[in-house]
Amino acid sequence: MNAPPRRFLSIDRVWKRFESAGRRFLALRDLTLELRQGEFFCLLGPSGCGKTTVLNMLAGFEPITSGEITLEAERITGPHRDRGVVFQSDDALFGWLTALENVEFGLKMQGVNRRDRREVASRLITLVGLRGHEAKFPHELSGGMRQRIQIARVLVNDPKIVLMDEPFASLDAQTRRMMQNELVRIWTAAHQTVLFITHDLDEAIILADRIGIMTAGPGARMREVIDVDLPRPRARTDPGFLDCYRRCNAVIEEEVMAALRSAADGAGRAA
Amino acid sequence: MSDERTAPPNLAADHAGGDEDEKVRAAWRSLGVTGARVRAVLLPIASFVVLLLVWHVGARAIGIRALFPTPIDVLAEARRLIQSGDLLTHIVASMTRIIAGFALGSAIAVPTGLLMGSLPLVRSMLQAYIEFFRYIPALSLVTLAMIWFGIGEASKVFLITYVTVFIVTINTMAGVAAIPVAKLRAGRSLGATPRQMFVHVTLPASVPFILTGMRLAMGAAFTTIVAAEMVAAQSGLGFLIFSSRLYMQTDAIFVAIVTLGLLGFVTDGVLRWVMSMVAGRYAPPL
């Protein structure tokens with residue numbers, strides 16, 4: 001067999017079935033997706049379609065039922081600092097550590113000495129715009145600032161990929177927009193591969209190189225991957241933005257209709 | 001009109017007659033007496049004075065010191081016990097046992113609770129014992145403790161350790177169970193090994209529950225020590241209560257009871273203070 005072209009992150013024919021209390025639920029049916037190194041990929045889909053399940057499997061939090069996920073040709077079997085996760089909920093932060101100590105955490109686990117890790121962490125604190133807040137505890141910071149800590153805390157490990165699970169979903173609209181712009185700036189500076197989960201099409205177009213739209217669950221799969229070929233920073237009023245919005249929206253509308261139809265079918269059968 | 005809020009104009013009219021009230025209130029304020037302060041300081045003192053008065057009048061009505069001493073009798077007895085040094089001896093005896101048992105019990109319970117909370121294997125091994133023994137009151141073990149450990153310090157320390165272990169273990173387990181999944185996942189994907197997770201995430205995240213458990217255990221330790229000292233001791237506040245009955249020294253019993261209340265109050269205060277010093281950062285107001 002010839003050596004296949006070097007793949008970065010590959011999700012290959014993955015199925016995911018949940019079983020609890022004798023009930024089975026098929027979350028993903030034969031999902032296939034490839035991510036390129038250095039790209040910003042947004043995974044978009046209606047709620048309950050299994051976006052977070054995909055992320056949890058990539059992070060190594062959830063086992064897959066069948067299929068294969070590999071990162072640089074290595075199978076994913078559990079959590080690893082190569083795959084950093086930014087969570088939606090800020091209770092993922094360590095409330096007993098200061099902002100700086102939270103950011104240092106990954107290096108401390110690696111046994112990096114105090115001075116070196118302080119240096120790296122301070123640099124990232126500056127990158128995410130939290131200079132002057134190093135000594136504050138998470139509960140003393142605003143929601144947006146807490147998400148900045150989460151981002152810095154992941155970048156400190158210099159992971160191969162950053163997985164972000166709707167990290168701005170619980171912020172107010174204005175802070176969310178600011179954080180989106182900030183994320184583009186940080187991503188440009190940090191040269192990371194990002195998988196970003198969202199249900200907000202606006203957000204996806206502002207951020208992504210490519211947008212993957214999933215079908216409605218249960219048994220979700222990739223519906224379509226759309227390239228967003230727009231220069232950054234992007235504005236919601238750019239003609240290109242609107243164009244892209246229309247294209248994605250058409251696909252999403254179809255999925256919504258499909259979901260409604262299958263829900264109606266289900267209800268019809270039940271009745 | 002009050003200075004904290006501005007009433008709408010139509011309501012302000014209703015307050016026209018309140019000018020006089022306002023002057024009186026301003027006078028009180030200038031003396032440092034405000035509503036908040038009255039509630040916080042003066043009301044508790046007032047209620048305490050009333051209690052003493054009722055007690056005194058009631059005791060005088062009964063008229064038998066050996067049955068129901070007045071506060072003044074109790075105060076006199078307290079002075080006698082303090083001057084002779086007896087009260088201090090008893091306090092030191094009781095507190096030493098409590099602190100020894102409490103420290104030993106916590107030292108056993110915190111690791112046990114953390115392990116039970118984090119490792120299903122350990123949990124299924126120990127859960128049944130915890131559920132069984134937690135319903136056996138320490139008081140029922142007093143005589144056994146005497147048989148096993150004699151009437152020296154060991155039997156009392158054993159009983160305090162016993163009550164502490166179960167209360168702190170169960171609270172520590174609850175603390176581990178209450179750690180948000182995201183926090184555990186974050187720790188692992190940031191590269192913490194299972195051992196590092198235990199030390200750097202599970203333990204610090206459980207601290208608020210552990211401290212709550214320790215406060216509850218301290219309360220239970222007070223209950224237990226008195227009972228244990230009544231049955232098997234030559235010193236301590238429980239012993240003071242029990243031996244005083246022989247000579248109908250009711251006033252000495254009252255002294256011991258009030259001392260217990262004060263000691264508990266002070267101990268809890270000290271415990272909370274130590275906690276806030278040592279672990280303030282582990283219990284953020286979030």
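This is a predicted model: local features need pLDDT of at least 70, side-chain atom pairs count only at pLDDT 80 or more; totals for chains, interfaces and linings use all residues.
## Chain A at a glance

Let us start with chain A, which has 7 helices and 10 strands. Its radius of gyration is 19 Å, close to the 18 Å that the globule rule gives for 271 residues, so chain A is as compact as a globular protein of that length. Along the principal axes, the C-alpha atoms of chain A fill a box of roughly 65 × 45 × 45 Å.

How much of chain A is buried? Of its 271 residues, 42% count as buried. Among the contacts in chain A with a separation of 6 or more, 69% come from residues 24 or more positions apart.

## Chain B at a glance

The box filled by its C-alpha atoms, taken along the principal axes, is roughly 75 × 65 × 30 Å.

In chain B, 31% of the 286 residues count as buried. When contacts between residues at least 6 apart in sequence are considered, 73% of those in chain B join residues at least 24 apart.

## Where the chains meet

The two chains touch through 22 residues from chain A and 17 residues from chain B. On the side of chain A that touches chain B, strand E6 (83-86) and helix H2 (99-109) each supply at least two residues. By class, the residues on this side of chain A are 10 nonpolar, 8 polar and 4 charged.

## Helix packing in chain B

Two packed helices are described by the angle between their axes and the distance between the axes. In chain B, helix H5 (residues 86-118) packs with helix H8 (residues 153-177) at an angle of about 30°, and their axes are 6 Å apart. Angles under 35 degrees count as roughly parallel, and H5(B) and H8(B) are therefore roughly parallel to each other. Their crossing is right-handed. The contact of H5(B) with H8(B) has 17 nonpolar, 11 polar and 3 charged residues.

Helix H5 of chain B also packs with helix H11 (residues 237-244), here at an angle of about 130° and with the axes 7 Å apart. That angle makes H5(B) oblique to H11(B). Which residues meet in this pairing? B:His90, B:Ile91 and B:Ser94 come from H5(B), while B:Leu237, B:Phe239 and B:Leu240 come from H11(B). This contact divides into 4 nonpolar, 2 polar and no charged residues.

In chain A, a cis peptide bond joins A:Arg232 and A:Pro233, with omega about -5°. A:Pro233 lies in the loop between strand E10 (222-227) and helix H7 (239-270). A:Asp158 has a positive phi near 45° although it is a residue other than glycine. The loop between H4 and strand E7 (161-165) of chain A holds A:Asp158, which counts as partly exposed with 14 C-beta neighbours inside 10 Å.

Chain B has a residue of this kind in B:Met248, a residue other than glycine whose phi is positive, near 55°. B:Met248 is placed in the loop between H11 and helix H12 (250-279) of chain B. With 13 C-beta neighbours inside 10 Å, B:Met248 counts as partly exposed. The C-alpha atoms of B:Arg79 and B:Ser206 are separated by 45 Å, and the two residues are 127 residues apart along the chain.

Methods. Residues are numbered from 1 along each chain as its sequence is written. Chains are lettered from A and ligands numbered from 1 in the order in which they are written. Two residues are in contact if their C-beta atoms, placed from the backbone, lie within 7 Å. Helices (H or I, at least four residues) and strands (E, at least two) are DSSP runs, numbered from the N terminus. Ala, Val, Leu, Ile, Met, Phe, Trp, Tyr, Cys and Pro count as nonpolar, Asp, Glu, Lys and Arg as charged, and the others, Gly among them, as polar. Axes are lines fitted to C-alpha atoms, for helices over the stretch in contact, and angles run from 0 to 180 degrees between N-to-C directions. Angles under 35 degrees count as roughly parallel, over 145 as roughly antiparallel, 65 to 115 as roughly perpendicular and the rest as oblique. A crossing is left-handed if the near helix is turned anticlockwise from the far one by less than a right angle, and right-handed if clockwise. A residue is buried if 20 or more other C-beta atoms lie within 10 Å of its own, exposed if 12 or fewer, and partly exposed in between; C-beta atoms are placed from the backbone. The radius of gyration is taken over C-alpha atoms; the globule rule is 2.2 Å times the number of residues to the power 0.38.
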